[in-house]
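Hi,

Here is the structure I promised to pass on. Have a look at it first, and then read my notes below.

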Amino acid sequence: MSRFLAGVAAGAVICAWAGSALAADLPGKFEGVTVDAKLIGGQQYEALYARIAEWEKAAGAKVNVLSKKNHFELDKEIKSDIATGNITWCVGSNHSSFAPQYPDIYTDLAALLPKEEVDAFVPANIAASTLGGKLVMLPRAQFDVSALYYQKSLYQDEAKKAAFKGKYGYDLAPPDTWQQVTDQATFFASPPDFYGTQYAGKEEAINGRFYEMLVAEGGEYLDADGKPVFNSEAGVRALDWFVNLYKAKAVPAGTTNYLWDDLGQGFASGTIAVNLDWPGWASFFNDPKSSKVAGNVGVKVQPAGSSGKRTGWSGHHGFSVTESCANKEAAASLVWFLTNEDSQKLESSAGPLPTRTAVWEYNIQQAESDPYRKEVLTAFQEAAKNAFAVPQTPSWIEISNAVYPELQAAILGDKTSKEALDAAAEKATQILEDAGSL
């Protein structure tokens, strides 16, 4: 019978299948064990990964990082591993948007970790991490919903305020609607040196942004029967937002090739006025070592579309353990360590939202003496009220991969928005039919 801990009294250990170790026994001892891992890479994740050395010292084990890539590239690698029967590694970064594609390769963490540790997470995050009755990933302090970052000085410039009101007929203030973002982005843009806003223009990133703009415009991505219906009037309005800003040169010309790191670095460079982005960038943007806009960053709830609904595409990151892992207990210990209270306090101190209830409460308390941090938490607390997940279909990423080139075609002017969405809906429908979902 497999044991979670090695080298401790039998009375202190519970069988792995029955709920594993007591929380006090974590992280456990795994002398001589090597845990192979495939992790998401990026500037904002490195502080947490520095803690791996602490786990190695405490557990007597080693971690061998095989890959460190963005989730889009990691997803391709994992699918390649599945196709070739090469799931020989133990720990993988996961995300609520990607997890429905491959739940079978991951084990049930609820069978490997103490119940009180699982119960310490926000229940909604645990529910979203549970597929087919299995807890396939443990959430990290990377709950994602976007709010609006902006350069405060732009809204304090009297000349700009007067010019803006003269042109648009209302006072210049941080935008509360996406129409106001359009107006202000166009007004502030001075290419090629300065742009009003930006967006990630490829892969799931642009499809996800289109999806949330579609919802804010009153539309649906999939209907109640699971059929793609985003090629609607609301869909055209949503896609036109991206198209019109690109035509107006209010966004960088390379935006159709941007992903999240490009956006973060772009706003930090001081060349972007307003930027819809994730909480993980909050500290980076306000750090003079990494950002030219440090001390000049405002944060507010995400804008609303014409329906009155705010954008709110959301999800969360986590870590999973493979079914094929030879040392599941050691892998589960590492996953716990990277998502425990200390790890979540570390990650969330840079801006990301935690997924443990106690850490959320701790952060609010700590922010009382830090005006910027308090502004960030207040904005994202409000933003989280508008959060909604991607359509719960295992085909979401495959659909995204088929849809995003059509969205790009409209942005670049090769198709009208309606032509692009009709083609995208046809492709998405075919994918769902092939998968037996329609």
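This is a predicted model: local features need pLDDT of at least 70, side-chain atom pairs count only at pLDDT 80 or more; totals for chains, interfaces and linings use all residues.

The disulfide is formed by Cys 90 and Cys 325, and their sulfur atoms sit 2.1 Å apart. To find the two ends, look in the loops: Cys 90 is in the one between α3 (71–84) and β3 (91–95), while Cys 325 is in the one between β10 (314–321) and α12 (328–339), so the pair ties together parts that are 235 residues apart in sequence.

The torsion about the S-S bond of Cys 90 and Cys 325 is about 90°, which means the disulfide is right-handed.

Are the two cysteines buried or exposed? Buried means under 20% relative accessible area. Cys 90 comes out at 6% relative accessibility, so Cys 90 counts as buried. Cys 325 is at 5%, so Cys 325 counts as buried too.

The other residue I looked at is Gln 151, which you will find in strand β7 (residues 147–151). With a relative accessibility of 7%, Gln 151 also counts as buried. What does its side chain reach? The side chain of Gln 151 gets to the backbone oxygen of Gly 270, at 3.3 Å. Leaving aside residues up to four places away in sequence, Gln 151 touches Gly 270 along with Phe 194, Phe 267, Thr 271, Ile 272, Ala 273, Val 293 and Asn 296.

Cheers

Conventions: Residues are numbered from 1 along each chain as its sequence is written. Side-chain values use heavy atoms; hydrogens and water are left out. A disulfide is a pair of cysteine sulfur atoms within 2.5 Å. Helices (H or I, at least four residues) and strands (E, at least two) are DSSP runs, numbered from the N terminus. Buried means under 20% relative accessible area, exposed over 50%, partly exposed in between (1.4 Å probe, protein chains only). A polar contact is a pair of N or O atoms within 3.5 Å; within protein, one must be able to donate a hydrogen and the other to accept it, and residues adjacent in sequence count only if both atoms are side-chain atoms. Contact means heavy atoms within 4.5 Å.
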